[in-house]
Amino acid sequence: MVVVMKERVTADQVEHVIAKLVEFGMDVHRSTGASRVVLGVVGSGKVDPRLIEMMDGVHEVLRITEPYKLASRTFKPEDTVISVGDLRIGGDEVIVMAGPCSAENEAQVNATAAAVKRAGAKVLRGGAFKPRSSPYSFQGLGEQGLRLLRTAADAQDLRLVTEVMDISQIEVIDRYADIFQVGARNMQNFTLLRELGRARKPVLLKRGISATIEEWLLSAEYVLAGGNTEVILCERGIRTFETATRNTLDISAIPIVKQLSHLPVFVDPSHGTGRRDKVAPMARAAVAAGADGLLIEVHCDPDHAMSDGAQSLFPGQFDRLMAELRIIAPAIGRSICLEPVARRGWAR
Ligand code: PEP
Ligand code: MN
């Protein structure tokens with residue numbers, strides 16, 4: 001349930017209502033909007049809404065009918081904007097996160113980071129702990145990979161997002177990254193989500209391979225209920241009967257989730273298609289459909305990548321895509337990095 005306080009409420013009145021709700025065994029999450037304080041009330045306790053409605057300073061009490069509460073627009077009507085340094089994720093600017101699937105070596109990480117920066121990306125992506133379908137595939141460089149990614153991100157003044165697969169990795173990743181990525185295979189790893197609820201850094205939560213939108217939002221709810229309000233949702237394709245693409249990218253999820261939730265919605269067209277030649281069209285579609293950002297695999301030498309080479313863009317392709325997005329974003333009232341660092345001709 002949501003308790004909407006009156007516009008001119010006193011701090012005492014708010015504290016009083018919170019104390020009453022806590023007395024009934026509820027957890028209370030406060031959100032201070034432009035004009036009102038709103039209390040999100042969750043938990044397994046029982047409370048009669050009419051009792052709360054009678055209290056001083058309360059404007060109205062609403063039931064949240066969705067099974068997720070803190071992730072819903074009913075709890076928080078205005079968009080969530082997440083600050084990472086001077087970056088604002090979920091605001092007017094479409095934010096592009098780009099980089100290799102995996103950190104492989106210093107030269108590869110540095111060259112790719114420089115390329116995505118030049119084209120206008122704001123966040124470097126790259127995996128150091130990799131969730132691979134086969135135990136015999138490259139599993140990532142671990143902490144050494146994190147070190148390479150952090151150094152390259154700093155050198156290019158980029159923020160860093162990287163995947164956390166297990167609670168045992170949170171501490172080390174926290175030392176290097178700005179954003180925790182939770183992969184599709186871990187969307188329902190509830191112990192991990194709960195632990196990330198205690199983190200003080202944003203979590204980019206991929207949609208599970210066969211997850212419904214409701215299940216995805218319930219996973220976000222785990223992080224939010226733990227006290228971490230900074231969740232970025234990322235559509236990355238779901239498994240369907242179609243085999244022409246690696247996954248089926250659900251573009252319609254963007255406007256649907258934007259309506260149901262206040263959280264920023266990103267799209268990963270790389271895993272969404274699995275094919276380099278289909279990444280740009282789907283990235284364009286995602287921005288046109290209202291995505292707040294993109295997560296894209298780019299590699300300085302995709303043909304020799306240790307993971308996901310077939311879906312990784314060449315730097316020149318990424319550069320062209322960014323130029324196209326600079327035309328699309330303003331058409332729907334958004335901006336995107338307007339100033340590529342330098343214009344140059346790429347070989348491919
Ligand atoms: C990735 O981003 O490299 C990745 C493994 O993504 P997903 O969890 O969506 O498969
Ligand atoms: Mn990948």
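**Exercise 1. The surroundings of ligand 1**

How far does a polar side-chain atom of Gln181 lie from an oxygen atom of ligand 1? Find this distance in the predicted model, and then describe the shell of residues around the ligand.

*Solution.* Begin with Gln181, which has a polar side-chain atom 3.0 Å from an oxygen atom of ligand 1. Next, turn to Arg125, where a polar side-chain atom lies 2.8 Å from an oxygen atom of ligand 1, and to Glu297, where the corresponding distance is 3.4 Å. Taken alone, ligand 1 exposes 300 Å², and 97% of that is buried by the protein. Finally, consider the shell, in which 13 residues surround ligand 1, with Arg125, Lys130, Ala184, Lys206 and Arg236 being the closest. By residue class, the shell consists of 7 charged, 3 polar and 3 nonpolar residues.

**Exercise 2. The aromatic pair**

Determine how many aromatic pairs the whole structure contains, and decide how the rings of Phe190 and Tyr222 are arranged.

**Exercise 3. Salt bridges within a helix and between distant parts**

The structure holds 25 salt bridges. Locate the partners Lys20 and Glu23, and then those of Asp174 and Lys201, in the chain.

*Solution.* In the salt bridge between Lys20 and Glu23, the closest N and O atoms are 3.8 Å apart. Both residues lie in helix 1 (residues 11-23), and because they are 3 residues apart there, about one helical turn separates them. Lys20 is partly exposed, with 30% relative accessibility, whereas Glu23 is exposed, with 62%.

The side chains of Asp174 and Lys201 meet in a salt bridge with an N to O distance of 2.9 Å. This pair links distant parts of the chain, since Asp174 is in helix 5 (residues 170-176) and Lys201 is in the loop between helix 6 and strand 11 (203-206), 27 residues apart. Asp174 counts as partly exposed, at 37% relative accessibility.

Technical notes: Residues numbered from 1 in each chain as written. Chains lettered and ligands numbered in written order. Predicted model: local features only at pLDDT ≥ 70, side-chain atom pairs only at ≥ 80, totals over all residues. Heavy atoms only, no water. Phe/Tyr/Trp six-rings, centres within 6.5 Å; stacked < 30°, edge-to-face > 60°. Near = heavy atom within 4 Å. Polar contact = N/O pair within 3.5 Å; in protein donor to acceptor, adjacent residues only side chain to side chain. Areas by Shrake-Rupley, 256 points an atom, 1.4 Å probe, with all protein chains shown as cover. Nonpolar A, V, L, I, M, F, W, Y, C, P; charged D, E, K, R; others polar. Salt bridge = Lys/Arg side-chain N within 4 Å of Asp/Glu carboxyl O. Helix = DSSP H or I, 4+ residues; strand = E, 2+ residues; numbered from the N terminus. Buried < 20%, exposed > 50% of the residue type's maximum accessible area, 1.4 Å probe, protein only.
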